[in-house]
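Please consult the sequence and the structure shown below while reading.

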Amino acid sequence: MILRHTFTPHNNTYLSHLCGPVDEHLRTIELALNVKIAHRHEQFKVDGHKAKATRAMEVLQALYERAERPIPAEQVQLMLAGDESMDENNSPALNTRRTDLRARTPNQAMYLDNIAAHDITFGIGPAGTGKTYLAVACAVDALERSAVQRIVLTRPAVEAGEKLGFLPGDLGQKVDPYLRPLYDALYDLMGYDRVQKAFERNAIEIAPLAFMRGRTLNNAFVILDEAQNTTPEQMKMFLTRVGFGAKAVVTGDVSQIDLPKGQLSGLIDAERVLRRVKGISITHFTSADVVRHPLVARIVDAYDASRGATTGAPVRKRS
């Protein structure tokens, strides 16, 4: 199906911002929706499946309305990933440095609601769906509102095909690169200086999961990231660290397990054991929730399809 549209009022600056450098934004839309876009000045033509072509034209119109200033590539990708039927006012407002931070998909909105309403929340799904970033944002928001006294972020020390023993330095220096994604999220949400000051007053702690044993975490927002790489014993140990006034979020992707062959993942085990426990919520994400480059969603789908074909496991479908 071919759709045609003329953007008015005609404005060369708006058209330049809409298309992006060397038509980068148009190529992004084409790749994400499997359509072809051609244009001559303000006259645009979109060729593709009816639903996809209509969606592409809606995105182009929405971008044109925002084209007074240059449009970042990230905004195009987020608009493609977002659900236009969602009411932005229904997305919980989080007190972070990112004033534009909100749920981009229905599952993300449900995830934020679950975190607010439950003491323990699981976020399970593929890379790029915002599981960890949104959890850290909720933690920062809780700290800013004084709802908790500190943030504790942790990961199991299981390497993705690498050996920590070969890295230089003591244990802290060895695991620091592995925990770097958590630092990156904090810096983005709070700013470097504020994060450093929070570390100095022990308001933020980042540590390997093994360091959690024997502790009780009261009045804290605790996040366990990469939980698919825990054993059932480690998962139980973590969940039983939660104390009074605390909130815990567990995130992971069961398609990226780095445990030794034959070892049951603590995340898979916990989902089975705890799914009916009152006070615990589980949010599942799919490739439809990916808010990175459009290719990431296709990569996730391709690997899921391959995994399902070779193992007989159910394949996640984009909703």
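Are Phe7 and Phe44 buried or exposed? In this predicted model, Phe7 and Phe44 are both buried.

## Overview of the model

The protein has 319 residues, of which 47% count as buried. Its secondary structure comprises 12 helices and nine strands. Among contacts between residues at least 6 apart in sequence, 71% join residues at least 24 apart.

The average pLDDT is 86, and 86% of the residues score at least 70. Over residues 83-87, however, the pLDDT is below 50, and this stretch has nine contacts in the model beyond near neighbours in sequence.

## Aromatic pairs

A pair of aromatic rings is described by the distance of the centres and the angle of the planes. The protein contains seven aromatic pairs. One of them joins Phe7 and Phe44 in an edge-to-face arrangement, with 5.0 Å from centre to centre and 90 degrees between the planes. Phe7 belongs to the loop between strand 1 (2-6) and helix 1 (12-19), while Phe44 belongs to strand 3 (residues 43-47), so this pair ties together parts that are 37 residues apart in sequence. Phe7 and Phe44 also belong to one aromatic cluster, together with Tyr14 and Tyr64.

Why is the pair of Tyr183 and Phe199 described as tilted? The ring centres of Tyr183 and Phe199 are 5.7 Å apart and the planes stand at 35 degrees; an angle under 30 degrees would count as stacked and one over 60 as edge-to-face, so the pair is tilted. Because Tyr183 lies in helix 8 (residues 180-190) and Phe199 in helix 9 (residues 192-200), the pair ties together parts that are 16 residues apart in sequence. Tyr183 has a relative accessible area of 13% and is buried.

## Strand 3 and its partners

Strand 3 pairs with strand 1 and with strand 2. Strand 1 and strand 3 run antiparallel and are joined by five bridges; in this pairing, Arg4 stands opposite Lys45 of strand 3. Strand 2 (residues 36-40) also pairs with strand 3 in the antiparallel sense, over five bridges, and Lys36 stands opposite Asp47 of strand 3. Strand 2 and strand 3 form a hairpin with two residues between them, and His41 in the turn has a positive phi of about 60 degrees.

In a regular strand the side chains alternate between the two faces of the sheet. In strand 3, Phe44 and Val46 make up the covered face, whereas Gln43, Lys45 and Asp47 make up the uncovered one.

## Nonpolar cores

Which residues have the most contacts inside the largest nonpolar core? They are Leu186, Ile204, Ile206, Phe221 and Ile223, in a core of 36 residues. Elements that give two or more residues to this core include helix 5 (106-117), strand 5 (150-155), strand 6 (204-208) and strand 7 (220-224). Helix 6 gives the most, with nine residues.

Ile223 touches several residues beyond four places away in sequence, among them Ala135, Val136, Ala139, Val152 and Phe238. A second, separate core has 25 residues, including Leu3, Leu15, Leu26 and Ala53.

Notes: Residues numbered from 1 in each chain as written. Predicted model: local features only at pLDDT ≥ 70, side-chain atom pairs only at ≥ 80, totals over all residues. Heavy atoms only, no water. Phe/Tyr/Trp six-rings, centres within 6.5 Å; stacked < 30°, edge-to-face > 60°. Helix = DSSP H or I, 4+ residues; strand = E, 2+ residues; numbered from the N terminus. Buried < 20%, exposed > 50% of the residue type's maximum accessible area, 1.4 Å probe, protein only. pLDDT = per-residue confidence, 0-100. Contact = heavy atoms within 4.5 Å. Core = buried A, V, L, I, M, F, W, Y, C linked by side-chain atoms within 4.5 Å. Pairing = 2+ DSSP bridges.
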